[in-house]
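Open the model in your viewer and keep the selection panel at hand. The tour goes stop by stop.

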Amino acid sequence: MNRPPLVNTEWLASRLTAPDVLVLDASMHLPGTGRDANAEYLAEHIPGAIRFDIDTIADKASPLPHMLPQPTAFSSMMRKLGVGDGMTLVFYDTVGIYSAPRGWWMLKTMGAERVFILDGGLPKWKAEGRPVEDGKVTRPERHFTARLHNGAVTDIEAMRAIVDSGSRQVLDARAGARFRAEVKEPREGLRSGHMPGAFSTPFTELLNADGTMKSNGDLSQVFLDAGVDLSRPVTTSCGSGVTAAVITLALTLLGHKDLSLYDGSWSEWGSLPDTPVVTG
């Protein structure tokens, strides 16, 4: 199945009862929003959807939020969820396109091939009058083989080298005011600003007003306006490795191949005393 990673509501609705299709709710919300993604899932979700909690499916040993687990641990977590080899996986979230791309990126990075994102997420699904259900959905355990694609993940040492050398373009998905240090970071203990040489590409600029992804032509223009050279390698970053995946998704839709995501993102970079930080 060689198709773009973004699917529309009609595509999903026509496959919702297929035995090999599994829908996953990867919603999350920042502290301070007053929203509880787990409670919202129990109240309503796309029929048959299982809960993919980014904060739980994470490296338990890391002090950083929702870091990618090691392959063995990830395999175990997927097995218990009922995510198996060869399944068609469709991620969505309750914002539109926000945290679902993080789930997509995690599964792709761990070797799954048939992984997609619902364009517009639950808001678009509901706006079209499509069905929802409540309660928790459980699936029987399935075997999942994790094959880590190392090149898709950038750690702190690699990130230092990238910033020092300029070997890759760094695209920052945070809001422009955070990038420029005009506002404080939402997480305590972090310096404000951005990495030297980084490009400000807020993930919201990649989306339409209804939470769907912009057309490829419009996406290209956003990157062009930000000064990004789409022929060069890219590493994406954000606050904690979630909305960086929205940029990764947009670049994947444009056919970009040389992509990595800085998993620690600003939660790590902004917390260290010796990492260079630029403001303005």
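Predicted model: local features only at pLDDT ≥ 70, side-chain atom pairs only at ≥ 80, totals over all residues.

Residues are numbered from 1 along each chain as its sequence is written, and side-chain values use heavy atoms, with hydrogens and water left out.

**Stop 1: H8 and H9**

Select residues 216–225 for helix H8 and 244–253 for helix H9. Helices (H or I, at least four residues) and strands (E, at least two) are DSSP runs, numbered from the N terminus. The two axes come within 10 Å and cross at roughly 120 degrees. Axes are lines fitted to C-alpha atoms, for helices over the stretch in contact; angles run from 0 to 180 degrees between N-to-C directions. That makes H8 oblique to H9. Angles under 35 degrees count as roughly parallel, over 145 as roughly antiparallel, 65 to 115 as roughly perpendicular and the rest as oblique.

Show side chains. Asn216, Leu219 and Phe223 of H8 touch Ile247, Ala250, Leu251 and Leu253 of H9 (contact means heavy atoms within 4.5 Å).

**Stop 2: H4 and H9**

From H4, pick Pro101, Arg102, Trp104 and Trp105; they meet Ala245, Val246, Thr248, Leu249 and Thr252 in H9.

**Stop 3: the largest pocket**

The largest pocket holds about 610 Å³ of space. A pocket is an open set of points on a 1 Å grid over the protein atoms alone, where a 1.4 Å probe fits, with protein on both sides within 12 Å along at least five of seven lines; lining residues have an atom within 4 Å of a point. Of the 22 lining residues, select the closest to the centre: Trp104, Lys108, Thr252, His256 and Lys257. H4 gives the largest share of the lining, 4 residues.

Conventions: Points joined across faces, edges and corners; volume = space filled by probe spheres on them.
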